[in-house]
Amino acid sequence: FSLKRAFPMFILYFILAAIFTTVCVNLGVDSSVFAPLKELSKFLIIMAMAAIGGITIVSLIMQHVMHIW
């Protein structure tokens with residue numbers, strides 16, 4: 001049994017990214033610096049959802065209309 005193979009590493013990466021962003025903002029880095037990364041993360045999540053079949057054009061339109069992202 002290997003914990004590295006059983007544990008999804010993307011969860012660790014999300015936690016590290018959240019810690020990094022929080023520390024930088026608390027140290028005085030303007031939050032607008034992270035705006036391009038926020039847009040990129042939206043795109044990557046949509047691509048991941050599309051890859052597993054969890055998203056449709058209708059759901060994308062509804063999310064846009066409802067200002068979810």
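Reader: Where do I start, and how many aromatic pairs does the structure hold?

Author: It holds two aromatic pairs. Rings of Phe, Tyr and Trp (its six-membered ring) pair if their centres lie within 6.5 Å; planes under 30 degrees apart are stacked, over 60 edge-to-face, and the rest tilted. In Phe10 and Phe14 the ring centres are 5.9 Å apart and the planes stand at 90°, so this pair is edge-to-face. Please keep in mind that this is a predicted model, in which local features need pLDDT of at least 70 and side-chain atom pairs count only at pLDDT 80 or more, while totals for chains, interfaces and linings use all residues. Residues are numbered from 1 along each chain as its sequence is written, and side-chain values use heavy atoms, with hydrogens and water left out.

Reader: Is Phe14 buried or exposed?

Author: Phe14 counts as exposed because its relative accessibility is 52% (under 20% is buried, over 50% exposed, in between partly exposed, with a 1.4 Å probe and protein chains only).

Reader: Which rings make the other pair?

Author: Phe20 and Phe34, whose ring centres are 6.4 Å apart; their planes are at 90°, so this pair is also edge-to-face. The pair links distant parts of the chain: Phe20 sits in helix 2, while Phe34 is 14 residues away, in the loop between helix 2 and helix 3 (35-52). Phe20 is exposed, at 51% relative accessible area, whereas Phe34 is buried, at 13%.

Reader: What about charges: which side chains meet in a salt bridge?

Author: A search of the whole structure finds one salt bridge (a side-chain nitrogen of Lys or Arg within 4 Å of a carboxyl oxygen of Asp or Glu). Here the partners are Lys42 and Glu39, at 3.4 Å from N to O. Both residues lie in helix 3, three residues apart, again about one turn of the helix. Lys42 is partly exposed at 22%, and Glu39 is partly exposed at 48%.

Reader: How many residues does helix 3 have, and what follows it?

Author: Helix 3 has 18 residues and spans 26 Å from its first C-alpha to its last, close to the expected 26 Å (1.5 Å times one less than the number of residues). After helix 3 comes Gly53, with a positive phi near 85°. Helix 2 also has 18 residues and reaches 26 Å, and Gly28 follows helix 2 with a positive phi near 110°.

Reader: Which residues form the nonpolar patch on the surface?

Author: The patch includes Leu3, Phe7, Phe10, Tyr13, Phe14, Ile19, Val23 and Leu27, and its residues together have about 1200 Å² of accessible area (Shrake-Rupley method, 1.4 Å probe). Its members have over 30% relative accessible area and no salt bridge, and their nonpolar side chains are joined within 5 Å. Helix 2 gives the most to this patch, with nine residues. One patch member, Tyr13, lies in helix 2 and is exposed at 52% relative accessible area.

Reader: Which element has the highest mean pLDDT, and which the lowest?

Author: Helix 2 is highest at 89, and helix 1 (residues 3-6) is lowest at 78. This score is the predictor's confidence in each residue, from 0 to 100. For the protein, the mean is 83, and 96% of the residues reach 70 or more.

Key: Helix = DSSP H or I, 4+ residues; strand = E, 2+ residues; numbered from the N terminus. Patch = residues over 30% accessible without salt bridge, like charges linked within 9 Å, V, L, I, M, F, W, Y side chains within 5 Å.
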